[in-house]
Amino acid sequence: MLLYEAPGSPYAQKIKIALREKSIPFQVELPASLGTGRTDDPFGIGNPRAEVPMLVDGETRIVDSTIILEYIEDRFPDPPLLPRTPAARAAARMTEDVCDTQYEAITWGFSEVHWFGRATGALADTLLSAATRQTRVLQEWLAGRLGEAAWFGGETFGWADAAVAPLLHRSVLNGMGPAPGSILAAFYARLVQRPSVATTFAEYAASASRMPATVEAFKTGGKTREYRDHRLEWMIKSGGIEVVLAGLRDGNIRFPWPNPQQA
Ligand SMILES: N[C@@H](CCC(=O)N[C@@H](CS)C(=O)NCC(=O)O)C(=O)O
């Protein structure tokens with residue numbers, strides 16, 4: 001199986017953790033066209049939004065990390081990542097959904113300011129303090145769902161843990177990790193010991209040296225940032241509508257497929 005991915009993508013990290021938990025061998029490829037929205041290469045086949053992750057399994061091509069996770073669980077049921085009871089399965093999916101939407105948007109917003117320099121001065125302060133406050137809300141919500149359990153699904157590492165891991169890790173790297181001594185800090189300490197997670201985080205760390213070149217490609221290399229879904233919502237609700245307007249004016253942001261300019 002081939003996974004089109006980017007080591008820093010939390011959605012791709014979720015899939016790599018899941019594949020590793022199930023001991024499924026896979027190859028990875030970082031698409032050269034990522035960040036352009038172009039679909040004229042193999043990565044673009046069956047992937048109109050040109051987003052990672054995309055899983056290729058023979059003739060089957062699947063996009064969207066939640067749908068990929070469902071596919072992996074259906075195709076390789078052992079060991080299961082979803083818990084057994086309908087209620088617990090729904091709980092795992094709800095945790096994943098919040099991580100993929102609200103939590104991811106916060107970490108993305110932080111990067112837009114910190115790495116991509118979309119805001120400076122007072123606007124940067126506004127956006128970063130919004131990210132800090134919202135991260136706290138999300139982490140409190142997660143701690144409430146975890147309770148005293150070792151993992152989100154109970155005693156066994158599973159679906160929700162794979163979804164939480166990349167976002168919690170990103171928060172830690174951003175200096176917004178859980179409070180020392182908290183339930184979530186203890187969970188994070190367990191998480192980084194897990195081989196599937198440790199390998200995935202190590203790949204992310206190894207890719208960090210490419211970050212300045214990535215940032216440059218978005219400034220001068222014809223790449224544009226995709227302001228999609230909850231990310232766009234985050235930027236606007238957190239006080240960054242000017243960032244969106246400047247990006248549109250300067251032509252360095254884009255919206256998802258279909259392109260409004262397309263015939
Ligand atoms: N809903 C999708 C979101 C995937 C996504 O947004 N991926 C980002 C990387 S983290 C991407 O590929 N963006 C395309 C781009 O920036 O051009 C999923 O769950 O897989």
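How far apart do the C-alpha centres of domain 1 and domain 2 lie? They lie 22 Å apart, and the points below go through the rest of the structure.

1. Basis of the model. This is a predicted model, in which local features need pLDDT of at least 70 and side-chain atom pairs count only at pLDDT 80 or more, whereas totals for chains, interfaces and linings use all residues. Residues are numbered from 1 along each chain as its sequence is written.

2. Domains. The protein is divided into domain 1, covering 2-75, and domain 2, covering 86-192, with bounds that come from an automatic or database domain assignment. Ten residues of domain 1 are in contact with eleven residues of domain 2, where contact requires that the C-beta atoms of two residues, placed from the backbone, lie within 7 Å. On the side of domain 1 that touches domain 2, α1 (10-21) and α2 (65-75) each supply at least two residues, and α1 gives the most, with seven residues. The residues on that side of domain 1 divide into five nonpolar, three polar and two charged, if Ala, Val, Leu, Ile, Met, Phe, Trp, Tyr, Cys and Pro are taken as nonpolar, Asp, Glu, Lys and Arg as charged, and the others, Gly among them, as polar.

3. The sheet. Four strands form an open sheet in the order β2-β1-β3-β4, and the pairing is mixed; here two strands pair if DSSP finds at least two bridges between them, while strands (E, at least two residues) and helices (H or I, at least four residues) are DSSP runs numbered from the N terminus. The edge strands, each pairing on one side only, are β2 (27-29) and β4 (60-63). From one strand to the next the twist averages 20°.

4. Strand β3 and its partners. Strand β3 (residues 54-57) pairs with strand β1 (residues 2-4) in the antiparallel sense over three bridges, and L2 has V56 of β3 as its bridge partner. The pairing of β3 with β4 is also in the antiparallel sense, over four bridges, and L55 has I62 of β4 as its bridge partner. These two strands, β3 and β4, form a hairpin with two residues between them, and G58 in the turn has a positive phi of about 65°.

5. Helices α1 and α2. The axes of α1 and α2 come within 9 Å and cross at roughly 10°, where axes are lines fitted to C-alpha atoms, for helices over the stretch in contact, and angles run from 0 to 180 degrees between N-to-C directions. That makes α1 roughly parallel to α2, given that angles under 35 degrees count as roughly parallel, over 145 as roughly antiparallel, 65 to 115 as roughly perpendicular and the rest as oblique. Y11, K14, I15, A18 and L19 of α1 make the contact with S65, I68, L69 and I72 of α2, and these residues divide into seven nonpolar, one polar and one charged.

6. Helices α9 and α10. The axes of helix α9 (residues 229-237) and helix α10 (residues 241-250) come within 6 Å and cross at roughly 120°, and the two helices are therefore oblique to each other. In this contact L232, M235 and I236 of α9 meet I241, V243 and V244 of α10, a set with six nonpolar, no polar and no charged residues.

7. The ligand. The ligand is surrounded by 15 residues, of which the closest are S9, Y11, E51, S65 and E226; a residue is near a molecule if its C-beta atom, placed from the backbone, lies within 6 Å of it. By class, the shell around the ligand has six nonpolar, five polar and four charged residues.
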